[in-house]
Amino acid sequence: MAEEGDAVHKGQVLARLRSEEKSLLLEQARVKAENAHSAFVRGKNIYEKKLLSANEFEKLDYQYKLAQADLEVAKYNLSETAIRAPFGGTVTARMAEIGKTVHPSEVLFRVAELRPLKAYIYLPERDARFVRAAQKLSVSLDADLGVSLHGRVVVVSPAVDTAT
């Protein structure tokens, strides 16, 4: 299971739901599809020798196609037991717990793309007049005084926030 701080790529499995039953259903569908394929091949050979009616051959063809479709459904159902990263980034929060029952709309992980890192900075009106788009800047964090982040201004909002 993915942990907070893990770097993940798009599609990477973050966690798996219980899948024993889905795995067994996939194996069952695989065996049925192999059996239907064998019956279809045998039936085709017999049909080509005019020893099998067209109706019986169509039934074998139908059963084979149905078994293939069931196999695809079983593969899909098993794939749905994997919780995957929607895009590459960093796991910033993990709410999932092993053994916990989850619901379809429940948030299990938060993944953020931290590069490029975007910061929304609010300045008093008296200081905002000195800031221009494309201007280089340096930001220091209160949490880590030794770290200075460098970047550039992308957008300067024309609206003034009266609360700042």
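## The largest pocket

Helix 3 (125–128), strand 6 (136–140) and strand 7 (148–152) each supply at least two residues to the lining of the largest pocket. Helices here are DSSP runs of H or I with at least four residues, strands are runs of E with at least two, and both are numbered from the N terminus. The volume of this pocket is about 1200 Å³, and 32 residues line it. Nearest its centre you'll find A119, Y120, I121, V153 and V155.

A word on how that works: on a 1 Å grid over the protein atoms alone, a pocket is an open set of points where a 1.4 Å probe fits, with protein on both sides within 12 Å along at least five of seven lines, and a lining residue has an atom within 4 Å of a point. Grid points are joined across faces, edges and corners, and the volume is the space filled by probe spheres set on the points.

## What you're looking at

This is a predicted model, where local features need pLDDT of at least 70 and side-chain atom pairs count only at pLDDT 80 or more, while totals for chains, interfaces and linings use all residues. Residues are numbered from 1 along each chain as its sequence is written, and side-chain values use heavy atoms, with hydrogens and water left out.

## Helix 2 and what covers it

Helix 2 has 26 residues, which should span 38 Å at 1.5 Å a residue, and its end C-alpha atoms agree with that at 37 Å apart. (The expected span is 1.5 Å times one less than the number of residues.) Along this helix, F57, L60, Y64, A67, L71 and A74 are buried. Buried means under 20% relative accessible area, exposed means over 50%, and partly exposed is in between, using a 1.4 Å probe and protein chains only.

Helix 1 (20–48) is included in what covers those buried residues. Q28 lies in helix 1 and is partly exposed at 44% relative accessible area. Q28 and D70 are 42 residues apart in sequence, yet their C-alpha atoms are 9.7 Å apart in space.

## A buried threonine

Leaving out residues up to four places away in sequence, T81 touches A15, R16, L17, R18, S19 and K22. A contact here means heavy atoms within 4.5 Å.

## Salt bridges

Side chains of opposite charge can pair when their charged atoms come close. The rule used here asks for a side-chain nitrogen of Lys or Arg within 4 Å of a carboxyl oxygen of Asp or Glu, and the count comes to seven salt bridges. One of them links R18, from the T81 contact list, with E20 at 3.5 Å, N to O. R18 is exposed at 74%, while E20 is partly exposed at 48%.

Another joins E72 and K75 at 3.6 Å. Both lie in helix 2, three residues apart, about one turn of the helix. E72 is partly exposed at 44%, and K75 is partly exposed at 36%. K100 and E106 also meet in a salt bridge, with 2.8 Å from N to O. Here K100 is partly exposed at 36%, and E106 is partly exposed at 26%.

Strands pair if DSSP finds at least two bridges between them. Two bridges join strand 1 to strand 4 (residues 89–94), and A7 stands opposite T90 in strand 4.

Most residues other than glycine have a negative phi, and most peptide bonds are trans. R115 and P116 are joined by a cis peptide bond, with omega about 0 degrees. P116 is in the loop between strand 5 and helix 3.

K50 isn't a glycine, but its phi is positive, about 65 degrees. You'll find K50 in the loop between helix 1 and helix 2, where its 73% relative accessibility makes it exposed. A134, also not a glycine, has a positive phi of about 75 degrees. A134 lies in the loop between helix 3 and strand 6 and is exposed, with a relative accessible area of 56%.
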